[in-house]
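Try each task before you read its solution.

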Amino acid sequence: MVTMRWFVIILALFTQTLYAQYYDSLLQVAAGLSNQITYAASLEVGEILRAATAENISIYIFSSHNLLHQGKIDEAAGYITYGLQIDPVNYAMFVNCAYYFAAKGNLESARSYLIESLNVFPENYTMQEALA
């Protein structure tokens, strides 16, 4: 009886590890598609991930990034809002917020979020140049 219990525990741990590896590989696929400017495909992979691991900040970073680059500004807002609820000081979410506000014409808020991104990640020289 004890042996069967240990078998079930080991099987559960093994299954969790496999799922984690699967979702990590999907996240890498989503990132790769986004980097290749294949935003719609990256969003599809992101939706698979979001359905399974809704609390993963990376999904909201990629999804909002992809939507912003597709011109779906209002749709990106929900992903940005939820992403900031998960991680309220995430550098990449601040950058996406800046992009969102700039697209909406609110340049002061955009600048404010870029400054916040530098407070979190001061080594970002691209943002330092943009704000100069």
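Helices are DSSP runs (H or I, at least four residues), numbered from the N terminus. This is a predicted model, where local features need pLDDT of at least 70 and side-chain atom pairs count only at pLDDT 80 or more, while totals for chains, interfaces and linings use all residues. Residues are numbered from 1 along each chain as its sequence is written, and side-chain values use heavy atoms, with hydrogens and water left out.

**Exercise 1.** Find the helix that holds S63, and decide whether S63 is buried or exposed.

*Solution.* Step one: S63 sits in helix α3. Step two: recall the cut-offs, which are buried under 20% relative accessible area, exposed over 50% and partly exposed in between (1.4 Å probe, protein chains only). Step three: S63 counts as buried because its relative accessibility is 1%. Step four: leaving out residues up to four places away in sequence, S63 touches L43, G46 and Y79 (contact means heavy atoms within 4.5 Å).

**Exercise 2.** Which residue forms a salt bridge with D74?

*Solution.* Step one: use the rule, a side-chain nitrogen of Lys or Arg within 4 Å of a carboxyl oxygen of Asp or Glu. Step two: the partner is K104, with the closest N and O atoms 2.5 Å apart. Step three: this pair links distant parts of the chain, since D74 is in helix α4 and K104 is in the loop between α5 and α6, 30 residues apart. Step four: D74 is exposed because its relative accessibility is 53%, whereas K104, at 44%, is partly exposed. The structure holds 1 salt bridge.

Key:
Helix = DSSP H or I, 4+ residues; strand = E, 2+ residues; numbered from the N terminus.
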